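Visitor: Please take me closely through one part of this model, with the cut-offs spelled out as you go.

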Amino acid sequence: MSNYTINSLLEKAQELGASDLHFIVGEVPSFRIDGKIIKSKLEPVTEEDMMQAIDEMAPISMRDKIFRSYDSDFPYEIEGVSRFRVNLAMSFGYHSMTVRLVPYEIPTFEQLKLPKNIDKFSTLENGIVLVTGVAGSGKSTTIASILNHINNTQKKHIVTIEDPIEYVYKSQKSIFTQRQIGIDTGSFLDGLKFVLRQDPDVILIGEIRDMETVASALHAAETGHLVFATLHTFNAVQTINRILSFFPPSERAAVRSQFAEVFRGSISQKLLLSANGKGRIPAIELLYSTPTIKDFILKDELEEIYKLVQKGSYNDMITFNMSLYDLYKKGLITKEVALEHSDAPNELMHYMRGVYSGSENIF
């Protein structure tokens with residue numbers, strides 16, 4: 001057995017500012033810091049180390065499920081240090097653990113360096129807002145900042161359905177009901193099936209995974225609720241296509257019409273290494289639904305949406321290139337990082353040469 005414990009590693013991860021700890025049988029414990037995997041100089045994790053970690057961390061109510069399934073998620077907390085989101089998987093017949101650090105403090109828009117007009121989403125009364133990006137792109141933190149802004153400014157009932165619960169909210173002007181898959185409800189679909197009986201104003205769906213969950217989310221949005229949900233997509237156009245692709249071709253025309261009515265916008269993001277090499281900065285694409293956007297969705301002319309926003313801060317919307325250019329101009333990211341993460345680097349180069357003339361008051 002190794003001369004360290006899972007708690008000591010997690011405390012070290014918090015001290016180092018790591019986003020994740022990788023704890024894999026046969027490998028040395030490793031940390032993800034500023035987007036890169038940093039291997040420790042400790043002894044490799046043994047099967048005994050792993051069993052002790054699971055015994056220390058896993059909720060008693062989930063022990064049987066953990067050992068009967070190949071993959072599981074659950075929360076963990078070291079009081080006074082941090083909360084954690086734990087994923088347990090199998091690799092070569094052994095357990096592999098990835099632990100994401102979830103700070104106690106929910107950061108504000110300003111602390112996250114998000115565009116200031118992102119608060120528009122917190123003032124909506126109904127509809128669906130999709131927050132997208134690859135795993136580890138900060139989707140959960142961005143949603144948490146929006147929900148906490150609602151919490152601090154409005155009198156609402158906010159219901160979250162998560163797998164597992166990440167940020168824990170302290171009720172201010174609003175009240176919260178937070179439900180975890182596998183403990184408080186059986187699935188996202190089960191949670192959504194009964195959520196409308198719980199008098200919600202705002203609903204968070206931790207992740208859209210299937211057609212039934214999409215259908216339930218759209219129904220909740222149609223019935224006067226504000227729904228936030230996450231998807232693993234890269235941009236607004238791909239996000240809309242992904243929602244429709246959950247349904248068979250014969251149903252897509254009807255779903256397209258339904259979605260166009262309730263869609264209020266999307267936030268797509270990437271986390272980039274900061275110019276000083278310390279920490280990461282979000283690049284954000286913002287899309288707000290307008291009558292023109294709605295018409296493009298109904299006509300299945302999604303590529304026209306990007307062209308509209310590209311013309312320059314239409315209705316305070318932002319393309320990734322506009323965001324990358326702003327971060328580069330402010331010295332928050334390097335030119336190389338900006339171009340590396342751009343979907344249209346030639347367009348971004350034009351911006352950098354002084355061609356861009358859009359509004360700057362949206363950042």
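Guide: Strand β12 (residues 263-273) runs antiparallel to β13 and is joined to it by nine bridges, where strands are DSSP runs of E of at least two residues, numbered from the N terminus, and two strands pair if DSSP finds at least two bridges between them. This is a predicted model, in which local features need pLDDT of at least 70, side-chain atom pairs count only at pLDDT 80 or more, and totals for chains, interfaces and linings use all residues. Residues are numbered from 1 along each chain as its sequence is written, and side-chain values use heavy atoms, with hydrogens and water left out.

Within this pairing, Leu 271 stands opposite Pro 282 in β13. The two strands form a hairpin with six residues between them, and in its turn Gly 277 has a positive phi of about 80°. Strand β13 (residues 280-288) is largely enclosed by the rest of the structure, because eight of its nine residues are buried, that is, under 20% relative accessible area with a 1.4 Å probe and protein chains only. In a regular strand, side chains alternate between the two faces of the sheet.

Lys 120 lies over the face of Tyr 288, at 4.7 Å from the ring centre, while Lys 270 lies over the face of Phe 320, with 4.7 Å to the ring centre.

Key:
Lys NZ or Arg CZ within 6 Å of the ring centre and 35° of its normal. Buried < 20%, exposed > 50% of the residue type's maximum accessible area, 1.4 Å probe, protein only. Helix = DSSP H or I, 4+ residues; strand = E, 2+ residues; numbered from the N terminus.
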